Amino acid sequence: MKNIAYILLASFGILLASCTPEIQYTDLSEFKLEEELVENLSEVELLYSSATPDGEEELSYLIQLIAINKSTLDTVNILTTFNRGGGNGDAKNLFKFYSLDSEEAQAYFDELYNKNSETVRTLEEIKAIQRVSFDPRFAYLSKNNYATCYGFIDK
């Protein structure tokens, strides 16, 4: 009986390990960056978000979001440093976009990275990051030709 319990426990562990995303990184050069692609405070609908790696230093990687710009209906990539995740209700995937040069982005960034930190971080650090988190299981989504911009999304 103990052997069956050990086999079941080992099988469960293997199953859980196989569900863990295999996070890799792609180079920033893979994206077509365009300034002012999405207007500040525009509404965007989140379609996809790349995984957030565990154990990585803050501001050492970017996360790729794929969203629909609700004002133009264009599908765009947004490179960001924080995976906001969805919300609740009918509008769970609708967010406000903050362009990096906006006051809203500065306040959002400060809340994330400077509120409880002894080191003062700056928005300029974002554009120095050269790698983007990538899960090869979703390459059919993330490897695309959509125009790309930097920014944040929030409710």
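Modeller: Before we start, buried here means under 20% relative accessible area and exposed means over 50%, with partly exposed in between (1.4 Å probe, protein chains only). Strands (E, at least two residues) and helices (H or I, at least four) are DSSP runs, numbered from the N terminus. This is a predicted model, where local features need pLDDT of at least 70 and side-chain atom pairs count only at pLDDT 80 or more, while totals for chains, interfaces and linings use all residues. Residues are numbered from 1 along each chain as its sequence is written, and side-chain values use heavy atoms, leaving out hydrogens and water.

Colleague: OK, strand 4: how many of its residues are buried?

Modeller: Strand 4 runs over residues 63-69 and is largely enclosed by the rest of the structure. That holds for both ways its residues point: I63, L65, A67 and N69 go one way, Q64, I66 and I68 the other, and all are buried. In a regular strand, side chains alternate between the two faces of the sheet. So the count of buried residues in strand 4 is seven of the seven.

Colleague: Over how many bridges does strand 4 pair with strand 5?

Modeller: Strands count as paired if DSSP finds at least two bridges between them. On one side, strand 3 (residues 43-49) pairs with strand 4 in the antiparallel sense over five bridges, with L65 the bridge partner of S49. Strand 5 (residues 74-80) is antiparallel to strand 4 too, and A67 stands opposite V76 there. The bridges between strand 4 and strand 5 number seven.

Colleague: And which residue in the turn of that hairpin has a positive phi?

Modeller: Strands 4 and 5 make a hairpin with four residues between them. The phi in question is about 65°, and the residue in the turn is L73.

Colleague: Zooming out, which strands stand at the edges of the sheet?

Modeller: The sheet is open, with seven strands in the order 2-8-5-4-3-6-9 and mixed pairing. Each edge strand has a single partner, so one side of each is left without a neighbour in the sheet. Those edges are strand 2 (32-33) and strand 9 (152-154).

Colleague: What angle does the direction of helix 2 make with that of strand 9?

Modeller: Helix 2 (residues 103-114) packs on the sheet, touching strand 6 (94-98) and strand 9 (contact means heavy atoms within 4.5 Å). Axes are lines fitted to C-alpha atoms, for helices over the stretch in contact, and angles run from 0 to 180 degrees between N-to-C directions.

Colleague: Now the charges: E35 forms a salt bridge with which residue?

Modeller: A salt bridge puts a side-chain nitrogen of Lys or Arg within 4 Å of a carboxyl oxygen of Asp or Glu, and the structure holds six. E35 is exposed at 62% relative accessible area, and the closest N and O atoms of its pair are 3.4 Å apart. The partner lies in the loop between helix 2 and strand 7 (131-134), 92 residues away. It's K127.

Colleague: How far apart are the closest N and O atoms of E56 and R131?

Modeller: E56 lies in the loop between strand 3 and strand 4 and R131 in strand 7, so the pair ties together parts 75 residues apart in sequence. E56 is partly exposed at 32%, as is R131 at 25%. Their closest N and O atoms are apart by 2.5 Å.
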